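Work through the exercises below with the sequence and the model open. Try each task before reading its solution.

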Amino acid sequence: MTILNKIIKHKEVEVSRDKGKVSIDELRSSDLFSRNCFPLPDYILDNNKTGIIAEYKRASPSKGIINDKSCVKETVLGYQEAGASAISVLTDTEFFKGTLADLKEAREALELPLLRKDFIVDPYQIIEAKSYGADIILLIAACLEPDEVLRLSEMAKELGLNVLLEVHNLKELEANLFDSIDAVGVNNRNLKDFTVDLNHSYDLVSQIPDRYIKISESGISDPKTINQLKIAGFQGFLIGENFMSQDDPSLAIKEFVKDIN
């Protein structure tokens, strides 16, 4: 069984459990549920920002604990001050040691689009994301059928959320190019074994229609790589481990962005 299979199997059990704890009506009654979401394209394409979606990430299945010392508020504010276009917060607990409370804490601190980074397999999680302050949800093509991507993305759009579709290859991309998608992210990390190869981004960028925001995800550790990805056609860059693996993620991103063209 691959790491992704294990994550999805556990996620389905987790969501079933959560439905019994907090009803959809309770989620919809949240103060944050009625807020208007920040539009991701506006912030990614803002020339005064870096295009970086900076991630708060405590751990991963492949690396174990990455950083369990840096607090959410201090870290995401540092990202915002450094010119990040958006912030990503891991909310998976079992494999990434994140929580929905982290998402809410980030929302309370930020004036940027906020991505709930998780493995969404059920409409309940989309309502949950909105109720905790997310502006963007992630739909991973590798763990969803195209009809599920369509159904979940249309639901997200009805709630005013932005939708980031994550793909790993041309087959996943071509099967999921729906009007309800705002951005396409090419994950350079193989979710089956968590190896990283930036060629995934370079191979797919020209295949992504220009109507979508193009984002390269994972494995970016050098500002020069961002400069090269920009030339290739990418507008956004999701970076987590490179900043979170440092003692001070806020300082790490401030140093990193100095060398972005």
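The model is predicted, so local features need pLDDT of at least 70 and side-chain atom pairs count only at pLDDT 80 or more, while totals for chains, interfaces and linings use all residues. Residues are numbered from 1 along each chain as its sequence is written, and side-chain values use heavy atoms, with hydrogens and water left out.

**Exercise 1. The barrel**

Find in what order the strands close into a barrel.

Solution. Helices (H or I, at least four residues) and strands (E, at least two) are DSSP runs, numbered from the N terminus. Two strands pair if DSSP finds at least two bridges between them.
- Step 1: 8 strands close into a barrel in the order 1-4-5-6-7-8-9-10, with parallel pairing.
- Step 2: From one strand to the next, the twist averages 25°. Axes here are lines fitted to C-alpha atoms, for helices over the stretch in contact, and angles run from 0 to 180 degrees between N-to-C directions.
- Step 3: Strand 1 (residues 52–56) and strand 10 (residues 236–239) run parallel and are joined by 3 bridges. There, alanine 54 stands opposite isoleucine 239.

**Exercise 2. Strand 4 and its neighbours**

Solution. Buried means under 20% relative accessible area, exposed over 50%, and partly exposed in between (1.4 Å probe, protein chains only).
- Step 1: Isoleucine 87 in strand 4 is the bridge partner of alanine 54.
- Step 2: Between strand 4 and strand 5 the chain passes through helix 5 (residues 100–109), in a right-handed β-α-β crossover. Right-handed means that, with the strands pointing away from the viewer, the path from the first strand over the helix to the second runs clockwise.

**Exercise 3. Strand 8**

Describe the pairing of strand 8 and its cover.

Solution. 
- Step 1: Strand 7 (residues 162–167) runs parallel to strand 8 and is joined to it by 4 bridges. The bridge partner of leucine 165 is valine 184 in strand 8.
- Step 2: Together, strand 7, helix 8 and strand 8 make a right-handed β-α-β unit.
- Step 3: Strand 9 (residues 213–217) pairs with strand 8 in the parallel sense over 5 bridges. Asparagine 187 stands opposite glutamate 217 in strand 9.

**Exercise 4. Helix 6**

State how many residues of helix 6 are buried, and what they pack against.

Solution. 
- Step 1: In helix 6 (residues 123–131), 8 of its 9 residues are buried.
- Step 2: These buried residues pack against several elements, including helix 1 (3–21), strand 5 and helix 7 (146–158). Contact means heavy atoms within 4.5 Å.
- Step 3: At the start of helix 6, a side-chain oxygen of aspartate 122 comes to within 2.8 Å of the backbone nitrogen of tyrosine 124.
- Step 4: Just after helix 6, glycine 133 has a positive phi of about 100°.

**Exercise 5. The core**

Find which residues touch the most other members of the largest nonpolar core.

Solution. A nonpolar core is a set of buried Ala, Val, Leu, Ile, Met, Phe, Trp, Tyr and Cys residues joined through side-chain atoms within 4.5 Å.
- Step 1: The core has 88 residues, and Ile52, Ile87, Ile126, Ile137, Phe243 and Phe256 touch the most other members.
- Step 2: Strand 6 gives the largest share of this core, 5 residues.
- Step 3: Beyond its neighbours within four places in sequence, isoleucine 126 is in contact with residues including Ile120, Ile137 and Leu152.

Terms used. A polar contact is a pair of N or O atoms within 3.5 Å; within protein, one must be able to donate a hydrogen and the other to accept it, and residues adjacent in sequence count only if both atoms are side-chain atoms.
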